[in-house]
Amino acid sequence: MSTRTVIRGGLVVTATDETYADVLVEDGRIAALAASDSSAARSWHDIGADHVIDATGRYVLPGGVDCHTHMEMPFGGTFASDTFETGTRAAAWGGTTTVVDFAVQSAGRSLRAGLDAWHAKADGKCAIDYAFHMIVSDVDEHSLKEMDVLVEEGVTSFKLFMAYPGVFYSDDGRILRAMQRAAGNGGLIMTHAENGIAIDVLVQQALAAGRTDPRHHGEARHALLEAEATHRAIQLARVAGAPLYVVHVSAQEAVAELAAARDRGLPVFGETCPQYLFLSADNLAEPDFEGAKYVCSTPLRPREHQAALWRALRTNDLQVVSTDHCPFCFTGQKDLGRGDFSRIPNGLPGVENRMDLLHQAVVEGRLGRRRWIEIACAAPARMFGLYPRKGTLAPGSDADVVIYDPHAEQVLSARTHHMNVDYNAYEGRRVTGRVQTVLSRGVPVVLDRAYVGRAGHGQYTPRGLSGHLA
Ligand code: URP
Ligand code: ZN
Ligand code: ZN
């Protein structure tokens, strides 16, 4: 039997339009939108709805798409502290209805084994829909062939690391081969662009000189070594004839490399993350080892870099804001690196805070409302082959809908967040705007600020090829 929900009276905001409209949801999909006072909208009341949601005074948004998360990722001698269950629940609380997580190829094992392991972690656990990228740590004949099969199956993007020698690192030859393969099979190569070989020298020099505090993590991972790797990745992609997506861009010099490539018309794309927009190297320098809370790679940069990131988001030199959600508790995990910053597990929590932090940028006039939805919902969905099923509100789209109160005030805090981590990177920050209700494929997950979702509602969502040229 078909179920019908009508969302009434809100301002529907997508990446392209803002309009007061009622939204008809049928069987988990958007069936129609109609001007709130139109005869079409009135007729939906006559045919009867199972549920009516009053969105008067609220925004009606497509659910957020966070295309960069690491649930339960093994890293730095421990595991990211959010499971698929806790991490996707927290995502829903923050208005994100799809995550694309990174399955990991462990050293000496196949891509298939890594992907199977990630399916086993996520299956039956997620509150919202999810998909996978694949981290390729061993580029060889076998894994290159596996890439073709994965693309056919809906794992259409592959992350290669220019950083972390001895862990995930691939040299230029391997990266080139993966890019050539992607040029043939339609996959999208994502690079972690930092010169890991040079960074390791600087790290060893810092430690040998007794510079062991968290702030030295940021200094060793020099901005020019991000820019250099970004430049190199772009040239390798050109040689291969492949598009390129650079993850977690933080340095203004790296943004300049992307902008220059795009000015030449190259299919080169980039994301940044809230931590680079709202936090800085000042946080890494917090006393009493508190700076460890902010250790991630690429690192937080001096505050001056932020203006270039905001500008690039406005000019579309950066297209996406993801979180790179990779939480480690301060107690018991981050403190593995007391006395040696290189042992601090790299990563920050944030999956719950992204939509609100970016809305705060709207409130402060840094972004327009539609641009907010573009970079947080539509562009990531398009980039990773999920659009228009995800990332917009159009007839036929999944009814992943957020009812957002743009006037509610909240203070971000570990005391109230739902992520399984003992600190919040934005502790005490006051923001305007808050998620009120979240539907995932038409089913309430958060209803009037109460969690009503369940583990296992979220479905694995195979992806199409990147629609970056669409
Ligand atoms: O510090 C980070 N970013 N941790 C997660 C792994 C990665 O490189 O994305
Ligand atoms: Zn990375
Ligand atoms: Zn990451």
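Colleague: Which residues are the closest to ligand 1?

Modeller: A residue counts as near if one of its heavy atoms lies within 4 Å. Here 14 residues surround ligand 1, and the closest are Lys159, His192, Ser297, Asp324 and Asn346. This is a predicted model: local features need pLDDT of at least 70, side-chain atom pairs count only at pLDDT 80 or more, and totals for chains, interfaces and linings use all residues. Residues are numbered from 1 along each chain as its sequence is written, chains are lettered from A and ligands numbered from 1 in the order in which they are written, and side-chain values use heavy atoms, with hydrogens and water left out.

Colleague: What lies 3.1 Å from an oxygen atom of ligand 1?

Modeller: Look for polar contacts, meaning N or O atom pairs within 3.5 Å. A polar side-chain atom of His192 sits at that 3.1 Å, while one of His70 is 3.2 Å from a ligand 1 oxygen. The protein buries 100% of the 270 Å² that ligand 1 exposes when taken alone (Shrake-Rupley method, 1.4 Å probe).

Colleague: Which atoms coordinate the zinc ion (ligand 2)?

Modeller: Donors are N, O and S atoms within 2.8 Å of the metal (3.2 Å for Na, K and Ca); water isn't among the atoms, so sites may look incomplete. For this zinc ion, they're Lys159 (NZ), His192 (ND1) and His248 (NE2), at 2.1 to 2.2 Å. Lys159 is in strand S11 and His248 in the loop between strand S13 and helix H9, so the pair ties together parts 89 residues apart in sequence. Helices (at least four residues) and strands (at least two) are DSSP runs, numbered from the N terminus.

Definitions and conventions. Polar contact = N/O pair within 3.5 Å; in protein donor to acceptor, adjacent residues only side chain to side chain.
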